[in-house]
Amino acid sequence: MSVFIWIGGIITAILLTGIGWGLYRLIHYPKVCLTRWAKVTESDIQRYSTACEKYFREELKLELDLCDLNRSMEVIIQNYNRAWSRDYEYFKAGVLQRDNKGKPVSFVPRDKALAKEYFPWFMVFPLGCYIGEMVRKKYHGQWVASECGLMLKLPIGSDSQDGITLNPVIKLIKINAGSADPLELLAYLTFLANLDSEVGKAAS
């Protein structure tokens, strides 16, 4: 009987640990990401965007195009889970370097700057910034400062002076924190790809 109690205690401890880790993930990770985002500059956004495009090309063998929002959105939607499952190995582990005889020497990060700042849900920044840059280019928007960091302002809608403000990075953070339905990603990206027509519908 004591053996069963002991085994039951271990199983309970494992379950409680899993629950605790899940709660920590939901509470801590979003705060880490949002704190980091508040410090991101426009030059950082360019750097993240370049890293995202390079990641899709080198790791997933897929091409993205900042000037082709609809096609690139389709590629991202179809390969979102793949992109999310390989980011650690690509950005953090780096490339195996060999000497002239083919002998392994060391691992060198593909992007040393990004490797140093690696944190949970790393892809929210490269992918979110890339999506933001595609939307900005298509709708002639601009990144503007706010209390929570840079936001993307687009001069579209019934009042072109005010326009609309959004942030794909923060949206991805919420989705990965579980505070937004993962199925929202498909709807959100589709909305962004057809933003001018969607806003027109809402205004009419």
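The model is predicted, so local features are given only where pLDDT is at least 70 and side-chain atom pairs only at pLDDT 80 or more, whereas totals for chains, interfaces and linings use all residues. Residues are numbered from 1 along each chain as its sequence is written, and side-chain values use heavy atoms, with hydrogens and water left out.

**View 1**
Strand β3 (residues 142–144) runs antiparallel to strand β4 (residues 151–154), and 3 bridges join them. Strands are DSSP runs of E with at least two residues, helices are runs of H or I with at least four, and both are numbered from the N terminus; two strands pair if DSSP finds at least two bridges between them. V144 stands opposite M151 in β4. The two strands β3 and β4 make a hairpin with 6 residues between them, and G149 in the turn has a positive phi of about 110°. Strand β4 is also joined by 3 bridges to strand β5 (residues 164–166), again in an antiparallel arrangement. In a regular strand the side chains alternate between the two faces of the sheet.

**View 1. Edge-to-face contact of W37 and F125.**
The whole structure holds 4 aromatic pairs. The ring centres of W37 and F125 are 5.6 Å apart and their planes stand at 90°, so this pair is edge-to-face. Rings of Phe, Tyr and Trp (for Trp, the six-membered ring) pair if their centres lie within 6.5 Å; planes under 30 degrees apart count as stacked, over 60 as edge-to-face and the rest as tilted. W37 is buried at 0% relative accessibility, and F125 is buried at 1%. Buried means under 20% relative accessible area, exposed means over 50%, and partly exposed lies in between (1.4 Å probe, protein chains only).

**View 2. Y48 and the ring cluster.**
Ring pairs link W37, Y48, F125 and W143 into a cluster. Y48 lies in helix α2 and is buried, with 4% relative accessibility. Y48 and F125 are 77 residues apart in sequence, while their C-alpha atoms are 6.5 Å apart in space. The charged end of R47 sits over the ring of Y48, 5.2 Å from the ring centre. A charge sits over a ring if NZ of Lys or CZ of Arg is within 6 Å of the ring centre and within 35 degrees of the ring normal.

D44 and R47 form a salt bridge, with the closest N and O atoms 3.3 Å apart. A salt bridge is a side-chain nitrogen of Lys or Arg within 4 Å of a carboxyl oxygen of Asp or Glu, and the whole structure has 5 of them. D44 and R47 are separated by about one helical turn because they are 3 residues apart in helix α2 (residues 42–58). D44 is buried at 18% relative accessibility, whereas R47 is partly exposed at 26%. Further along α2, E53 and R57 are 4 residues apart, which means a separation of about one helical turn. E53 and R57 also form a salt bridge, in which the closest N and O atoms are 3.8 Å apart. R57 is partly exposed at 34% relative accessibility. E53, R57 and E63 are linked in a network of salt bridges.

**View 3. Salt bridge of R71 and D68.**
The side chains of R71 and D68 meet in a salt bridge with an N to O distance of 3.7 Å. R71 is partly exposed at 34% relative accessibility, and D68 is partly exposed at 28%.

**View 4. Helix α8 and its surroundings.**
The buried residues L185, Y188, L189, L192 and A193 lie in helix α8 (residues 184–193). Seen down the axis of α8, its buried residues fall within an arc of 135°, so they line one face of the helix; the arc is that of the directions from the helix axis to the C-beta atoms. K171 lies over the face of Y188, at 5.3 Å from the ring centre. T190 is also placed in α8 and is partly exposed, with 38% relative accessibility. T190 and I77 are 113 residues apart in sequence, and their C-alpha atoms are 9.0 Å apart in space.
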